[in-house]
Each structure stands twice: as structure tokens, then as C-alpha cells.
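Trainee: I have a new model open on my screen. Could you show me how to read its features?

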Amino acid sequence: MAEDRLISIPHSLLINGNFMLLKPMSKIIYLYMLDYSFGSKTTCFPKSEYTQITNCEGFANAIKELCEKGFIEVKDSRKGLPNLYEFSEKWKDIKTIYKSKREKPSNFLNRYQLYTFEKKVSEDK
């Protein structure tokens, strides 16, 4: 039976537009890398791990997107050995650019917050 481990995901990451706009596979790879790192700021992520999730091309695309959006940096690219990755917080400083209003996640968050506020007010009466 696999060990149950928990990973800590900051709320600021979950509500960040850059994280929300990541492709689903990039999010999954990022979360697996967080898990594999055991809380360390750097991690390798060997082929034996990522091939359980996706193929080599899918992994390469996810890493490229994560680097471009400021979530990770490739620290050491070693031939024949797994790359060394460092978790970055540059995503906090990158302005989110939405292609359309529909893409903007705050519309959902505002409706959700309004709904919960209205629900709480009606329960208090």
C-alpha cells in the first residue's frame, strides 16, 4: 500500500491567474514534482516517475510551460542523469494576460464569493 503523503499548496498559488491558465498536464506535473521534492526547494524528477503520468513529449511540454510561466527553473541539465529543477516564485511577479473575458478566473471567484455572502446573510436572518 502506498504511503499517504500530504503536500502543502499555498492559497495564493491556487487563485493565481497564471496557475489557473496552466494546461492541466502542467498542473499535474507541478503537483507531482512538489510531492516528489518532499518539501525541498530543488528536486530531480526522473523519467521513471514522469512516465507514470505522461509520455516524454507531454513532460517536455509541461516543463517548458512551467519554466515560461515562472513556476520552476532548470538548474542542472545533466546528460544521462535526471535534470535538477528549482521551484520558483517568479509566477507571483508575472502579470496574467487573459485572451478573453471568459478566461478570467476572477469572474467565477466573484460569483462564488457573492453567493456565499448572500447565503450567509440569508442564514443570519
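Predicted model: local features only at pLDDT ≥ 70, side-chain atom pairs only at ≥ 80, totals over all residues.

Trainee: How many helices and strands does the chain have?

Mentor: The secondary structure amounts to 6 helices and 3 strands. Along the sequence, they come in the order α-α-α-β-α-α-β-β-α.

Trainee: What share of the residues counts as buried?

Mentor: Of the chain's 125 residues, 26% are buried. As for the surface, the chain exposes about 9200 Å², and carbon and sulfur atoms supply 54% of that area.

Trainee: Which residues touch the most other members of the largest nonpolar core?

Mentor: The general idea is that nonpolar side chains tend to be buried together in soluble globular proteins. Here, the largest nonpolar core has 18 residues, and Tyr 30, Met 33, Phe 71 and Ile 72 touch the most other members. Two or more residues of this core come from each of α3 (24-37), α5 (56-68) and β3 (84-87).

Trainee: What is Tyr 30 in contact with, leaving aside neighbours within four places in sequence?

Mentor: Its partners are Leu 13, Phe 19, Leu 66, Phe 71, Ile 72 and Phe 87.

Trainee: Which residues form a nonpolar patch on the surface?

Mentor: Ile 7, Ile 9, Leu 14 and Ile 15 do, with about 290 Å² of accessible area together. Ile 15 sits in the loop between α1 (11-14) and α2 (17-20). With a relative accessible area of 40%, Ile 15 is partly exposed, so it passes the over 30% cut-off for patch residues.

Methods:
Residues numbered from 1 in each chain as written. Heavy atoms only, no water. Patch = residues over 30% accessible without salt bridge, like charges linked within 9 Å, V, L, I, M, F, W, Y side chains within 5 Å. Areas by Shrake-Rupley, 256 points an atom, 1.4 Å probe, with all protein chains shown as cover. Salt bridge = Lys/Arg side-chain N within 4 Å of Asp/Glu carboxyl O. Helix = DSSP H or I, 4+ residues; strand = E, 2+ residues; numbered from the N terminus. Buried < 20%, exposed > 50% of the residue type's maximum accessible area, 1.4 Å probe, protein only. Core = buried A, V, L, I, M, F, W, Y, C linked by side-chain atoms within 4.5 Å. Contact = heavy atoms within 4.5 Å.
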